[in-house]
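Here are some friendly notes to read alongside the model. Please keep the 3D view open and look up each place as it comes up.

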Amino acid sequence: FLCICTPVLSQSQDFTVFVNTTDDVNDGRCDTRHCSYREALNLANGFQGEMSIFFSIGNGGDQRIEIQSDLPSITNFAPLTIDGSTQPGGSITIDGNRFTDYGLDLFSASNTVVQGIIFDDFQFAGVYIRSSSSGCVIGTTESGNGFTNNRYGVIVEGTQAQIISNGFQDNDINGVFVTGNGSATIGQAGNNDASYFFIGNRFAV
């Protein structure tokens, strides 16, 4: 008797998935043949354990993922890391094409870390952290994010968040908007942190 089985990961195991395409297709699978950013977010919502979303697209270098419709919100309290700095030899840009709302909607997330991604041209915000989320970290001392040409770069609504070592440029209103009794620690990783800046936004915070 031969059984070719896929192991089931327990809640105590960590799991890493690699986004490996710039398309925005959801074919119901996220594997080594095809895993879009959208599919990775869907997978994160269904995985009951600590998960990381890394990037390995094409032969490396700078890659732009153009979003064609609103992305799924993160509704899973399991710890999640989304790390664009894992793209070999280049950067990852998530492009909203001005008709999608958010590059990342943390609707009810816990201990989510986002680093190394450029969120560009979203109709509402690059990252939206809602009141039912907690412990979210946007940018780290190792790698920040970029927020360009959005309405808002990051929105923090009714919760606390750390926003470290990020660059905010040419967002229509705020680089960071804190509302609904929310609070944010906003800063840089040391005195010479070139990735921390506010340029061309109507308001910084």
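Leaving aside its neighbours within four places in sequence, which residues is serine 143 in contact with? Point 2 has the reply.

1. **What kind of model this is.** This is a predicted model, in which local features need pLDDT of at least 70, side-chain atom pairs count only at pLDDT 80 or more, and totals for chains, interfaces and linings use all residues. Residues are numbered from 1 along each chain as its sequence is written, and side-chain values use heavy atoms, with hydrogens and water left out. The predictor's confidence in each residue is called pLDDT and runs from 0 to 100. For the protein chain the mean pLDDT is 92, with 94% of the residues at 70 or more. Residues 1-12 have a pLDDT below 50, and this stretch has five contacts in the model beyond near neighbours in sequence. Where pLDDT is low, the predicted coordinates should not be read in detail.

2. **Serine 143.** Back to the opening question: once neighbours within four places are set aside, serine 143 is in contact (heavy atoms within 4.5 Å) with Ser85, Gln115 and Gly116. You will find serine 143 in the loop between strand E10 (136-138) and strand E11 (146-148). Strands such as these are DSSP runs (E, at least two residues), and helices are too (H or I, at least four), numbered from the N terminus. The side chain of serine 143 reaches the backbone nitrogen of glycine 116 at 3.3 Å. Is serine 143 buried or exposed? With a relative accessible area of 16%, serine 143 is buried; the term means under 20% relative accessible area, while exposed means over 50% and partly exposed lies in between (1.4 Å probe, protein chains only).

3. **An open sheet.** Now look for four strands in the order E6-E9-E12-E15, which form an open sheet with parallel pairing. Two strands pair if DSSP finds at least two bridges between them. Strand E6 (102-106) and strand E15 (176-179) are the edge strands, each pairing on one side only. From one strand to the next, the twist averages 10°; the axes behind such angles are lines fitted to C-alpha atoms (for helices over the stretch in contact), and angles run from 0 to 180 degrees between N-to-C directions. Strand E9 (residues 125-129) is joined to strand E12 (residues 152-157) by four bridges, and tyrosine 128 has isoleucine 155 as its bridge partner in E12.

4. **A tilted ring pair.** Rings of Phe, Tyr and Trp (its six-membered ring) pair if their centres lie within 6.5 Å; planes under 30 degrees apart count as stacked, over 60 as edge-to-face and the rest as tilted. The count by this rule comes to 12 aromatic pairs. One of them is tilted: tyrosine 102 and tyrosine 128 are 5.1 Å apart centre to centre, with 45° between the planes. Because tyrosine 102 lies in strand E6 and tyrosine 128 in strand E9, the pair ties together parts that are 26 residues apart in sequence. Tyrosine 102 is buried at a relative accessible area of 16%, and tyrosine 128 is buried at 7%.

5. **A stacked ring pair.** Phenylalanine 119 and phenylalanine 147 have ring centres 5.4 Å apart and planes at 10°, so this pair is stacked. Phenylalanine 119 lies in strand E8 (residues 117-120) and phenylalanine 147 in strand E11, so parts 28 residues apart in sequence are tied together. Both phenylalanines are buried.

6. Asparagine 97, in the loop between E5 and E6, has a phi near 55°, a positive value in a residue other than glycine. At 23% relative accessibility, asparagine 97 counts as partly exposed. Serine 165 also has a positive phi, near 60°, and lies in the loop between strand E13 (160-164) and strand E14 (167-169). Serine 165 counts as buried, at 3% relative accessibility.

Key: Polar contact = N/O pair within 3.5 Å; in protein donor to acceptor, adjacent residues only side chain to side chain.
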